[in-house]
Every structure is written in C-alpha cells, then in structure tokens.
Amino acid sequence: MAAVLLIESVMKFAIALFSAAHAPSSRRALLFAQAALAGGHEIVRLFFYQDGVHNASDAVVTPQDELDLPRQWRNFITEQNLDGVVCIAAALRRGVLNAEEAGRYQRDAVAVSAPWELSGLGQLHDAVQDADRLICFGGA
C-alpha cells in the first residue's frame, strides 16, 4: 500500500466587511475570521468599508437580548493582535470618527478608538496583494 502524504497549506486571508453590526453578514464574517485562525490560517487584515464601519463604533448600543458584535470584533482584534482598518472616507461619511478626525472636522463625537485604525482604501489594496484570498461579507 502506498503512503499518502497530505500537505496542509496555510492560507493568508484579507477580509472585507461591508455591512453594519446588526446585519447577519457581520456575525458570519466574525465566525469566519475566528474559524480561519483556529484552523491555523493567517488574517492579513480586516477591512471595514461602507456600513461595515459601524462595527468599529463605540457609539453602537446593542439591545441586551442581541449579540454585541462591535464589542466582539474589538475583543477579537485585540486578543488576536490583528490589523483592523476602518475606511476613513466611509467612516467620515457616517460620522464614525476617531479623536484626530473629530478634532480636524470640529466635531464633538468620537466613536472609534484602539484597536481600530482609520485609513484609506489603499490598505485594502495592500492587504489583497499580501493575501492568498480576499473574502468579502455583506453589501455591494
């Protein structure tokens, strides 16, 4: 009987999330990211775009009988030391600001803090170049 050699390859994923925290695709994205790491794969970057920027907002108040996905994303990114990038243009358009942008635009509301980073769409492009696969959840 011939021996069979199985080689498991490690995949590098870039994950883009386009939907708000209350959308089912936001939970699916989190579950996929958790499963990818549990399976020994790597996440190059998590990129939150369009309504996905709300997943990074400290201002989202989740009803007590629902999962607090923004908190779960924050904890996951912090615990796994991942790169969580929020599209700055989409965030500004939706009022999801960090302290620097709130100061720049003279707004009182600060809704984004560490571990999140506000940055441009180029960060998604860079992640795609470093990853084996781009996996997108939600929206257009």
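**Close-up views of salt bridges**

**View 1. Arg 94 in its setting, with a relative accessibility of 28%, counts as partly exposed.** In this predicted model, the side chain of Arg 94 pairs with that of Asp 51 in a salt bridge whose closest N and O atoms are 2.7 Å apart. Because Arg 94 belongs to the loop between α3 (88–93) and α4 (99–104), while Asp 51 belongs to the loop between β2 (42–48) and α2 (69–80), the pair ties together parts that are 43 residues apart in sequence. Asp 51 likewise counts as partly exposed, at 36% relative accessibility.

**View 2. Arg 74 and Asp 58 are joined by a salt bridge.** The closest N and O atoms of Arg 74 and Asp 58 lie 2.2 Å apart. Since Arg 74 sits in helix α2 and Asp 58 in the loop between β2 and α2, this pair ties together parts that are 16 residues apart in sequence. Arg 74 counts as buried at 18% relative accessibility, because buried means under 20%, whereas Asp 58, with a relative accessible area of 42%, is partly exposed.

**View 3. Arg 104 and Glu 101 form a salt bridge within helix α4.** Their side chains meet at 2.9 Å, N to O, and the two residues are 3 residues apart, about one turn of the helix. Glu 101 is buried, with a relative accessible area of 4%. Through salt bridges that share partners, Glu 100, Glu 101 and Arg 104 are joined into one network. The structure as a whole holds 6 salt bridges, among them the Arg 104 and Glu 101 pair.

Definitions and conventions: Residues are numbered from 1 along each chain as its sequence is written. This is a predicted model: local features need pLDDT of at least 70, side-chain atom pairs count only at pLDDT 80 or more; totals for chains, interfaces and linings use all residues. Side-chain values use heavy atoms; hydrogens and water are left out. A salt bridge is a side-chain nitrogen of Lys or Arg within 4 Å of a carboxyl oxygen of Asp or Glu. Helices (H or I, at least four residues) and strands (E, at least two) are DSSP runs, numbered from the N terminus. Buried means under 20% relative accessible area, exposed over 50%, partly exposed in between (1.4 Å probe, protein chains only).
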